[in-house]
Amino acid sequence: MEIEEDEERRRQRKLEEALEVKSLRRIISAYLNYPEAAEEDVRRYEKSFKKLPPAHKALLPHYPSKFKNLRRCISLNSYFIFTMLQAFEPPLDMSQDVDGCKDPHLENFEHGHCHSEERNASSCQSVSTSGRMCCSNHAQACSQEKSNIMSNPTTEEVKSEQQHEPIFGSGAGEVENKNEIAECCSNDVADSNGNAFSSPHDWLDPSLQLNVPLVDVDKVRCIIRNIVRDWAAEGEKERNQCYKPILEELDAQFPNRSKESPPACLVPGAGLGRLALEISCLGFISQGNEFSYYMMICSSFILNHTETTGQWTIYPWIHSNCNSLSDNDQLRPVLIPDIHPASAGITEGFSMCGGDFVEVYNDSSQIGVWDAVVTCFFIDTAHNIIEYIEIISRILKEGGLVGWQVWINFGPLLYHFADMYGQEDDMSIELSLEDVKKIAFHYGFKLEKEQTIETTYTTNPRSMMQNHYHAAFWTMRKKRTTTT
Ligand code: SAH
């Protein structure tokens with residue numbers, strides 16, 4: 001009986017790992033497909049241009065050089081992406097034959113599991129088709145990303161904590177051939193000097209690369225925009241709208257925080273990690289939690305592998321010709337990062353924990369652990385927002401000093417799973433702000449401050465179109481439930 005159970009568990013674990021490898025391969029392939037997909041766009045622009053009557057073409061003599069420039073920008077974006085992928089150490093054996101895995105359970109598992117790759121991918125599609133661009137929807141983590149990491153950017157070490165396995169290998173020093181770039185796409189990718197790249201990692205091998213749907217490559221473009229939000233000077237305005245009020249509030253809530261034993265702050269849905277880093281620099285033991293490998297691969301690279309400010313140049317705005325004031329605007333370079341994370345003054349204990357917030361923090365080991373929870377553009381990523389709120393309440397410390405146990409939230413209620421038509425297994429509880437607050441009160445929160453703040457999210461500051469949110473910003477305190 002016991003042996004059977006062990007066998008069952010072992011098989012389940014193998015299936016989970018196979019799924020995870022598949023999912024991670026798909027994400028890596030999406031990154032690797034970026035140059036080809038971008039090139040395809042330029043070919044389309046060229047085709048349309050060629051169809052112009054000669055008289056009209058003559059009015060746009062600069063267009064051929066614009067196309068050339070676009071290709072140069074794509075190549076430089078690709079250079080950044082491949083350098084990032086090279087630094088990534090997959091947590092799993094990427095060479096295993098998951099496609100050959102014909103276990104009938106795998107299929108059931110894929111369809112039944114709550115984080116199946118298929119379901120998440122289609123959620124992103126429905127976001128796009130509903131007219132809300134994937135990029136303007138902040139909640140766009142769309143693949144099965146379940147592993148957990150703890151990384152410590154100060155020491156460039158990535159550790160596992162508690163029951164969570166690390167998904168990244170250790171830091172920069174151990175990555176071989178750091179300056180080489182993977183030759184991993186069907187079109188030749190070269191750096192700005194025309195050098196071809198070669199891959200030191202087997203899992204970057206072109207033969208293992210999948211052809212992923214274009215929506216996956218869109219997610220890569222979204223990541224590039226997220227980089228601007230978190231790690232470029234151009235993103236400062238947006239960060240001042242979103243992160244600054246949170247940081248000021250944390251500072252005010254913990255006025256006499258101790259350097260010896262700093263308060264602990266959790267940032268679920270940490271994205272590319274800037275907010276979690278700023279919280280760390282403010283004197284908190286800060287932990288970001290994030291379940292998207294797209295995000296984790298990128299944040300780990302910037303946090304752990306940056307050597308200087310402005311080390312990388314990317315061209316985030318080349319992928320759209322719409323609402324552009326000038327070609328120069330569209331083709332402008334953005335230097336990243338705007339700060340050097342390792343010398344930003346972080347507090348010891350800064351970490352990024354990969355994994356689903358519900359899976360990781362619903363664990364009994366997390367009860368009453370955190371002094372503060374900060375959610376920024378996160379709570380509407382839930383299938384069941386009530387569950388998120390319940391967990392946030394559970395993991396906050398109980399009792400203690402006034403000024404502690406706070407939940408600071410910033411963001412809209414653009415429910416991520418609201419447009420998931422026809423996915424029977426999925427649920428999406430879409431509460432109004434009024435109901436969200438009622439639920440929070442039920443779980444022991446008291447509203448201390450509330451405000452509406454207007455902000456953008458990963459918006460091109462020079463675009464003729466700017467989507468604005470009227471974000472809810474609140475501080476809630478967890479009331480004592482027991483008298484001591
Ligand atoms: N806080 C960041 C990112 C907001 S977007 C910012 O303000 O820029 C929401 C983020 O939450 C995405 O990065 C998404 O991948 C992540 N996310 C969504 N559901 C999650 C979950 N269940 N657990 C952990 N992270 C999640």
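Let me start with the surroundings of A232 in this predicted model: once its neighbours within four places in sequence are set aside, A232 is in contact with I227, R239, V334, L335, I336 and D338. A232 itself sits in the loop between α6 and α7, the latter covering residues 236–253, and with a relative accessible area of 0% the residue counts as buried, because that term applies to anything under 20%.

Helix α6, residues 214–231, packs with helix α9, residues 293–305, at an angle of about 35°, and their axes are 10 Å apart; the crossing of the two is right-handed. On the α6 side the contact is made by D216, K219, V220, I223, N226, I227 and W231, which meet Y294, M295, C298, I302 and L303 of α9. By class, the residues of this contact are 9 nonpolar, 1 polar and 2 charged.

As for α7, its packing with helix α8, residues 274–281, has an angle of about 30°, with the axes 11 Å apart, and here too the crossing is right-handed. R239, Y243, I246, L247 and L250 from α7 meet R274, L275, E278 and I279 from α8, and this contact comprises 6 nonpolar and 3 charged residues, with no polar ones.

Key: Residues numbered from 1 in each chain as written. Predicted model: local features only at pLDDT ≥ 70, side-chain atom pairs only at ≥ 80, totals over all residues. Heavy atoms only, no water. Axes fitted to C-alpha atoms, helices over the stretch in contact; angles between N-to-C directions. Helix = DSSP H or I, 4+ residues; strand = E, 2+ residues; numbered from the N terminus. Left-handed = near helix turned anticlockwise from the far one by under 90°. Contact = heavy atoms within 4.5 Å. Nonpolar A, V, L, I, M, F, W, Y, C, P; charged D, E, K, R; others polar. Buried < 20%, exposed > 50% of the residue type's maximum accessible area, 1.4 Å probe, protein only.
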